[in-house]
Amino acid sequence: MEVNIEKTLLMCKSFMKEVKIWGCLKQTGVSLRYMMEFGSNPTQKNLLISAQFLHKELPIRIARRAIELHSLPHGLSHMPPVLKVRHWYLDSFREIISFPEIKNMNDEKEFTELIKAIKVRHNNVVPTMALGVQQLKNVFEDPDEIDEFLDRFYMSRIGIRMLIGQHVELHNPNPPPNCVGYIHTNMSPVNVARNASEDARSMCYREYGSAAEVRIYGDPDFTFPSLASYGI
């Protein structure tokens, strides 16, 4: 029994050492323009290149979040909801680095299924983290300290989910009009604002029985490439 416990501890130390090594590597920035141009022609070759890139890039980003979740102030790292989120990140890191080198389209398909499952695993990260912060809200002497962490954490989460979602969506044989993966090539800010205001008005009607009128000013024909909101 003692031998098994010692072996388990050594394995855990070795695994966390690998997490730290990956977390120290430099992540690669990917611009919206590059993703749009690269994804406009989702050939098998491009899908393979994309999967190979994610196989190396995702562990870096995920490891960084796991490390950061381990070193939060005021005991936040030890709150059960935060521990749960950290375990999700560590599980995802372990699965990706354990996946063999991606050499062909069969490998690519298996890897795509893996990262799809990882994306689903992390669906509840935001409410789970919010629960952990809520449980310690009276402890924070400087609210800006935790706000800065949460802003950084959630922005990174969006980046990870964008990379995964973009790759997965490129497999869609019938993409929505004007979309390249997760990127809407003709996003209208006026229409986005109108949809958001209508959603807000509907919630107000549902909760309070009335809602203020909202007027949106702007040119609906003005568009630019932007992220579609679904799935992020």
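Reply: The axes of helix 3 and helix 4 (residues 80-98) come within 9 Å and cross at roughly 155 degrees. Here axes are lines fitted to C-alpha atoms, for helices over the stretch in contact, and angles run from 0 to 180 degrees between N-to-C directions. Helices (H or I, at least four residues) and strands (E, at least two) are DSSP runs, numbered from the N terminus. Helix 3 and helix 4 are therefore roughly antiparallel to each other; angles under 35 degrees count as roughly parallel, over 145 as roughly antiparallel, 65 to 115 as roughly perpendicular and the rest as oblique.

The model is a predicted one, in which local features need pLDDT of at least 70 and side-chain atom pairs count only at pLDDT 80 or more, while totals for chains, interfaces and linings use all residues. Residues are numbered from 1 along each chain as its sequence is written, and side-chain values use heavy atoms, with hydrogens and water left out.

The crossing of helix 3 past helix 4 is left-handed, a term used if the near helix is turned anticlockwise from the far one by less than a right angle, and right-handed if clockwise. On the side of helix 3, H55, L58, P59, I62, A63, R65, A66 and L69 are in contact (heavy atoms within 4.5 Å) with helix 4. Their counterparts in helix 4 are V82, V85, R86, Y89, L90, S92, F93, I96 and I97. By class, this contact of helix 3 with helix 4 has 13 nonpolar, 2 polar and 2 charged residues. Ala, Val, Leu, Ile, Met, Phe, Trp, Tyr, Cys and Pro count as nonpolar, Asp, Glu, Lys and Arg as charged, and the others, Gly among them, as polar.

Helix 3 (residues 44-69) also packs with helix 5 (residues 105-121), at an angle of about 50 degrees and with the axes 10 Å apart. That angle makes helix 3 oblique to helix 5. Helix 3 passes helix 5, too, in a left-handed crossing. The contact is made by Q44, L47, L48, A51, L54, H55 and L58 of helix 3, together with M105, E108, F111 and I115 of helix 5. In this contact, 8 residues are nonpolar, 2 polar and 1 charged.
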